[in-house]
Amino acid sequence: MRLTKYAHSCLRVEHDGGVLVVDPGVFSDPATALDGADAVLITHEHPDHLDPAAVRLQLDRQPFPIYGPASLAGALGDAAEVLHPVSPGESFTAAGVAVRAYGGRHAVIHPDIPVIDNIGYLINDVVYHPGDSLVVPDETPVDTLFAPIHAPWSKFSEVLDFIRAVAPRRAYALHDALLNDNGLGVLDRQYSALSGTEYQRLEPGSRVDV
């Protein structure tokens with residue numbers, strides 16, 4: 001598989017001629033990421049993971065199925081007709097790629113803020129994108145983890161323990177658009193030193209083969 005990492009939490013997966021896009025949100029470059037998409041995975045409804053306007057525009061050009069929590073329907077509006085609701089534990093194929101769903105709930109931001117649905121995706125038994133959660137896939141080895149390194153709902157120690165618990169061969173930074181260069185530098189050094197795996201932060205638009 002060839003992965004393109006866009007800003008924040010957006011990934012584009014190309015495999016055997018199919019194009020699968022994960023979380024084309026407003027902090028990424030959703031128009032570019034979605035170009036030619038055969039299917040889209042959405043972890044949850046927050047706008048940094050789903051840009052409904054960009055998704056609807058691309059659907060007008062080329063229809064594709066969207067997979068994610070049933071609660072996405074409200075955020076998708078008219079585009080909800082292409083939504084395939086996904087539940088934790090479910091396995092399915094999207095854009096010719098095998099996908100397994102994990103988790104079910106977004107991490108708690110604050111007790112006063114309602115907790116929404118969130119699905120993490122293991123793609124082709126190789127790449128794990130947890131969305132806004134720190135759910136570890138049970139009894140499933142992960143080769144490549146995209147770890148949400150910074151968020152209003154997390155702290156460094158929690159994310160570090162999450163990476164260690166998943167124990168991937170390598171980990172790439174995810175969910176980093178709210179950080180400036182100072183914060184990125186500090187976290188990159190700490191995760192590299194303490195995560196116990198090969199850690200790297202990819203610049204937006206970077207491509208890797210897995």
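**A residue in a loop**

Mentor: Ser 133 sits in the loop that runs between strand S10 (127–129) and strand S11 (144–148); strands are DSSP runs of E with at least two residues, helices are runs of H or I with at least four, and both are numbered from the N terminus. The model is predicted, so local features need pLDDT of at least 70 and side-chain atom pairs count only at pLDDT 80 or more, while totals for chains, interfaces and linings use all residues. Residues are numbered from 1 along each chain as its sequence is written, and side-chain values use heavy atoms, with hydrogens and water left out.

With a relative accessible area of 3%, Ser 133 is buried (under 20% relative accessible area, with a 1.4 Å probe and protein chains only). A polar atom of its side chain lies 3.0 Å from the backbone oxygen of Pro 130. Beyond its neighbours within four places in sequence, Ser 133 is in contact with Arg 105, Ala 107, Asn 118, Pro 148 and Trp 153, where contact means heavy atoms within 4.5 Å.

As for the whole, the protein has five helices and 14 strands. Its radius of gyration, taken over C-alpha atoms, is 16 Å, close to the 17 Å that the globule rule gives for 210 residues, so the protein is as compact as a globular protein of that length; the rule is 2.2 Å times the number of residues to the power 0.38. Buried residues, Ser 133 being one of them, make up 53% of the 210 residues. Of the contacts with a separation of 6 or more, 55% join residues 24 or more positions apart.

Note on methods: Buried < 20%, exposed > 50% of the residue type's maximum accessible area, 1.4 Å probe, protein only. Polar contact = N/O pair within 3.5 Å; in protein donor to acceptor, adjacent residues only side chain to side chain.
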